[in-house]
Amino acid sequence: MKIALIHMRHAKVGGTELFLNQLSKYLCEQGEDVTIICRSHEEPSHPKIKFVTLKPISIGKAHRAYRFAKAVEEHVNENDYDIVYALGKTWTHDLIRVGGGTRKHIVDLRKDKKPTPRDRVSMYIERKALSSDDNLFVVSNSHKSSIEIMEDYGVSPDKIATIHNAVDLNRFSRENCSAQAAELKQKLQIDDKHPIFLFLGSGYHRKGLEPTLKAFSLLNEEASLVIVGNEQHPQKYKDLAKELGIENKCYFLGKQSNPEVFFSMASCYVFPTKYEPFGFTAIEALSSGCPVITTVDCGAKEVMNDKVSSILESDFSIEKLAQEMRHWANKARADEFREACRESVAPLDVNNIMEENYQLIKQAWKKKQQK
């Protein structure tokens, strides 16, 4: 098949970008003809991947998204692809994957529920994409997200396909990362005789850093808290750590490109998110033999169990979070427990999940031929 995969940005970092690299590589390995339609790209994950770069003139991010979607429409209509698989923010496709939840739902979660101009453009594209009669399948990465898509845009249940995110068990392996993790602990001068808690994610407010800091301050035992991820206003969280008297135990490291090393170093991953359609990081932590604390608002809860993780209610108390942090603090020291963490996400191995996507693409192709 001649397959087009669409995403505005092809890169090495980012959840959707990771999926794009995994799927394009897998499809090439199956002998398919793969083209990535994008605005910018880096080195492909397989040498046979081709790129079509569409970069229409635009002003600002909202206009850029609209102009790209329009350029994709023109390109697809002028070319003969067997299947077009969009990864969001365009409206010309046979099947589309919604990996980050709907923009409409994200806006509705805000206190004022007021969309920005950029939100309005995103919701216009989203509505056009998800309401199209041309949709053969709408793919989501969690049942939570599938329900939102059906409720927000009236997509028929028979067009919804839920395929959970994948994890690379080789990359996210404590055993494979042991040397780098030891080097990192030495560099940070962290004593691993005591628990090492990890908070990792961009957008500290939504991912729950404030309650994490407050809960960490309630722990009586010696421990460290490593904070990784991009944030526009990190100083307010550093000030909070100082106010709580834990600044000397907190390590604010900003954006990093090697999450597997941090997960392999950690005793427990703390991820009390306010909203997460799935959450790659939860299964990456488990693959690394690291227990996870998250909330019912994280889609990854669908693939987690209470033997290796804790799922908090949306209105959890700081004391409850601290209690769970104490519970998991030293579990990751035991080899048997680490293996249980890995086994819990083994079905989500990247090859298994990419094969599910491949079978769905072939199913879409059969449906398209019957139209």
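This is a predicted model: local features need pLDDT of at least 70, side-chain atom pairs count only at pLDDT 80 or more; totals for chains, interfaces and linings use all residues.
## Salt bridges within and between elements

A salt bridge is a side-chain nitrogen of Lys or Arg within 4 Å of a carboxyl oxygen of Asp or Glu. An α-helix has 3.6 residues a turn, so residues three or four places apart point the same way. The two partners fall into separate accessibility classes: K320 is partly exposed at 32% relative accessibility, whereas E324 is buried at 10%. Buried here means under 20% relative accessible area.

By this rule the model contains 15 salt bridges. One of them joins K50 and D33, whose side chains meet at 2.7 Å, N to O. This pair links distant parts of the chain, since K50 is in strand β3 (residues 50–53) and D33 is in strand β2 (residues 33–38), 17 residues apart. K50 has 39% relative accessibility and therefore counts as partly exposed; D33, at 29%, is likewise partly exposed.

## The pair E276 and R206

E276 forms a salt bridge with R206, and the closest N and O atoms are 3.0 Å apart. Distant parts of the chain are again linked: E276 lies in the loop between β11 (268–270) and α11, while R206 lies in helix α7 (residues 204–207), 70 residues away. E276 is buried, with a relative accessible area of 12%, and R206 is partly exposed at 34% relative accessibility. Salt bridges that share partners join R206, K207 and E276 into one network.

## Packing of α11 against α13

Two packed helices are described by the angle between their axes and the distance between the axes. For helix α11 (residues 280–287) and helix α13 (residues 335–345), the axes come within 7 Å and cross at roughly 135 degrees.

On the α11 side, the contact involves I283, L286 and S287; on the α13 side, it involves C341, R342, S344 and V345. Sorted by class, this contact has four nonpolar residues, two polar residues and one charged residue.

## Helix α1

Helix α1 (residues 15–29) has 15 residues, which at 1.5 Å a residue should span 21 Å; its end C-alpha atoms are 21 Å apart, in agreement with that expectation. Of its 15 residues, 11 are buried, so the helix is largely enclosed by the rest of the structure.

The buried residues of α1 are T16, E17, F19, L20, N21, Q22, L23, S24, Y26, L27 and C28. Among the elements covering these residues are β1 (2–6), β2, β4 (83–86), β5 (95–98) and α14 (350–370). Just after α1, G31 takes a positive phi of about 90 degrees.

## Helix α2

Helix α2 (residues 60–78) has 19 residues and reaches 27 Å from its first C-alpha to its last, close to the 27 Å expected at 1.5 Å a residue. Its buried residues are A62, A65, F68, A69, A71, V72, H75 and V76. The cover over these residues includes strands β1, β2, β3 and β4, together with helix α4 (117–130).

Methods
Residues are numbered from 1 along each chain as its sequence is written. Side-chain values use heavy atoms; hydrogens and water are left out. Axes are lines fitted to C-alpha atoms, for helices over the stretch in contact, and angles run from 0 to 180 degrees between N-to-C directions. Helices (H or I, at least four residues) and strands (E, at least two) are DSSP runs, numbered from the N terminus. Contact means heavy atoms within 4.5 Å. Ala, Val, Leu, Ile, Met, Phe, Trp, Tyr, Cys and Pro count as nonpolar, Asp, Glu, Lys and Arg as charged, and the others, Gly among them, as polar. Buried means under 20% relative accessible area, exposed over 50%, partly exposed in between (1.4 Å probe, protein chains only). The expected span of a helix is 1.5 Å times one less than its number of residues.
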